[in-house]
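Here is a short briefing on one chain and its partner. Start with the model below.

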Amino acid sequence: MANPSERIKALFKPGEVHRDAYLAEDVFKMEMKHLFRNTWVYVGHGSQIPNKGDYYATMIGDQPVIMVRHTDMSVKVLYNRCPHKGTQVVIDTKGNTGKFFRCPYHAWSFKTDGKLLAIPLKKGYKDTGFDKTCASKGMTAVKNVKDYREFIFARLNDDTGPEFEEFFGNSLSSLDNMIDRSPAGRLEVVGAPLRYSHNCNWKMLVENQTDTCHPMVAHESSAGTVKDIWDKEGGDGQKPMVVELVLPFMSSYEFFEGMGIRTWDNGHGHTGVHHSIHSDYSDIGGYVAQMQEAYGTERADEILNENRHNTVYFPNMMIKGPIQSLRLFKPIAADKTIVESWIFRLVDAPDTLLERTAMYNRIINAPTSIVGHDDLEMYERAQSGLACDGMEWVNIQRLYEEDEGGEQVFNGTTEAQMRNQFRAWEKFMLMTLESEETP
Amino acid sequence: MKPSKQDLIDFVYTEARLLDDRRFAGWLDLFADDGIYWMPLEWDQVEEKLTTSLMYEDKLLLRVRVQRLEGERTFSQKPKSRSQHLLQLPQVDEIDHENGTYRVYTPFHYAETRFDEQQILAGWARHTLCVVDGALKIKMKRVDLVNCDAPFRNIQLFV
């Protein structure tokens with residue numbers, strides 16, 4: 001059997017991906033161990049933990065972590081296990097721990113940066129060499145944490161993988177645009193995330209974010225039905241908000257070709273370079289004036305005329321700037337993914353914008369969403385279909401060009417962003433995989 | 001029409017039966033023109049429009065769902081899902097003839113199945129009803145799931 005790095009290299013050709021990338025448990029384990037530790041993965045938003053001691057518990061790949069507001073107001077990310085016996089220190093997803101965490105098993109306590117604070121009957125460890133154990137260091141803190149305008153990312157590996165700015169580069173312009181849409185330049189998480197369980201590989205969902213040849217086909221049942229009813233009864237009247245949000249899904253191939261796709265290094269990219277399905281929403285009363293007041297006319301126009309559709313932050317996050325939403329594709333197993341869909345309030349903007357954001361989230365991203373039903377059906381049929389022998393490759397060759405890489409703009413129906421993701425996938429898998437193999 | 005307590009109880013049972021019989025057009029007729037079907041995402045959720053819900057659907061969206069369920073290219077309904085509602089005896093919380101407002105509370109278990117997969121949901125339905133042209137209609141059907149914050153798979157029919 002080939003060694004692991006040879007196995008990974010053999011799974012990706014420029015326009016094709018071997019099915020094992022989606023099906024094989026050993027590949028999934030390597031993703032968790034290498035890809036999700038060498039890259040900067042989104043953890044949560046600062047507005048979820050505004051006060052000292054506030055925490056939010058989540059996963060980075062297969063690693064349980066706690067994001068917490070430390071006493072100096074910085075954000076720390078700690079592995080969620082007690083150094084004593086391994087007990088998860090917090091079990092609810094959010095709360096306030098006060099000045100310290102306290103393990104519920106034996107009452108070991110830790111400062112909010114993870115350092116050991118106290119152990120009951122500490123004299124029992126006297127002269128035992130305890131201070132040389134890893135347990136004496138307290139809860140392990142993730143060394144590489146970045147708070148980018150309140151979006152918290154972490155890279156689990158201490159010393160491998162690129163620095164934050166190098167990893168994301170110009171792709172941060174999409175996050176900037178989403179945040180700048182607030183007249184105050186700030187976002188706040190609103191409510192709980194939708195959680196949607198899919199029996200398919202997490203990469204299928206990420207690929208679909210820049211798949212512009214599926215909406216008019218897979219979503220004919222949902223968006224097409226809205227169009228059918230509106231064509232018959234709506235006439236020339238003012239479209240209700242929901243119609244305005246859903247109808248663009250039925251746009252023509254030409255529309256999506258013209259939208260454009262931009263790729264960046266390290267697997268990031270976005271649809272909607274020139275225009276997008278989010279370009280033609282109605283003005284919300286007073287909002288443009290607020291933005292001009294805050295930024296000046298020219299800058300406000302620049303912010304609001306950027307209508308990027310989906311921006312993929314490799315490996316597992318997508319944002320929609322004009323909608324103020326974020327989707328996180330959390331890998332559970334090779335064939336299981338939980339998608340979380342979060343929304344944000346633009347601080348100081350009119351409530352109607354938040355109403356639109358919340359509506360979009362439930363109509364498109366919910367497990368009760370008819371658009372979601374369309375997509376899940378396709379992913380799961382693909383996951384099952386890939387079991388078929390005699391055809392081992394998935395094709396992502398559409399509009400392939402030989403010199404792909406770096407920042408480029410393409411025709412909006414290219415699959416170049418999927419290829420971009422797989423180039424990054426191979427890069428960050430091999431980064432630590434090769435070095436751990438004995439020659 | 002001044003509905004009796006029994007009329008209100010019968011209404012809730014009839015509604016569930018229409019759904020389980022897949023008589024969706026008839027079910028849709030139970031909604032007032034400004035009726036809303038609401039399934040909150042969070043426990044004890046109060047906010048209707050300025051936060052995420054699982055569903056918050058006016059009659060237009062409900063019509064889209066019903067038409068879609070029968071669509072030629074509705075691939076997630078090939079084969080079609082089936083549902084079954086098991087209702088506790090509906091409790092009438094309010095009868096207000098003067099304002100034409102009636103409120104009914106109904107704990108339920110709900111099964112939805114497609115292919116080999118069956119999911120069981122449990123929760124509470126709260127109907128706010130009114131009288132339009134001599135017939136009871138739904139102003140608001142609020143469905144709270146006991147596990148509203150769980151990572152669900154597709155819920156394609158109506159709880």
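Buried area is the accessible area (1.4 Å probe) that two parts lose on being put together, summed over both. This is a predicted model: local features need pLDDT of at least 70, side-chain atom pairs count only at pLDDT 80 or more, and totals for chains, interfaces and linings use all residues. Side-chain values use heavy atoms, with hydrogens and water left out.

**Interface with chain A**
- Between chain B and chain A, about 3300 Å² is buried, and carbon and sulfur atoms give 56% of that area.
- Contact (heavy atoms within 4.5 Å) links 33 residues of chain B with 44 residues of chain A.

**Fold of chain B**
- Chain B holds three helices and seven strands, taken as DSSP runs (helices H or I, at least four residues; strands E, at least two) numbered from the N terminus.
- Their order from the N terminus is α-α-β-β-α-β-β-β-β-β.
- Of contacts between residues at least 6 apart in the sequence of chain B, 58% join residues at least 24 apart.

**Dimensions and burial**
- The C-alpha trace of chain B spans about 45 × 30 × 30 Å along its principal axes.
- Of the 159 residues in chain B, 53% are buried, meaning under 20% relative accessible area (1.4 Å probe, protein chains only).

**Charge**
- Chain B carries 22 positive (Lys and Arg) and 26 negative (Asp and Glu) side chains, with His and the chain ends not counted.
- The centres of the two sets lie 6 Å apart, with each charge placed at NZ of Lys, CZ of Arg, CG of Asp or CD of Glu.

Key
Residues are numbered from 1 along each chain as its sequence is written. Chains are lettered from A and ligands numbered from 1 in the order in which they are written. Buried means under 20% relative accessible area, exposed over 50%, partly exposed in between (1.4 Å probe, protein chains only).
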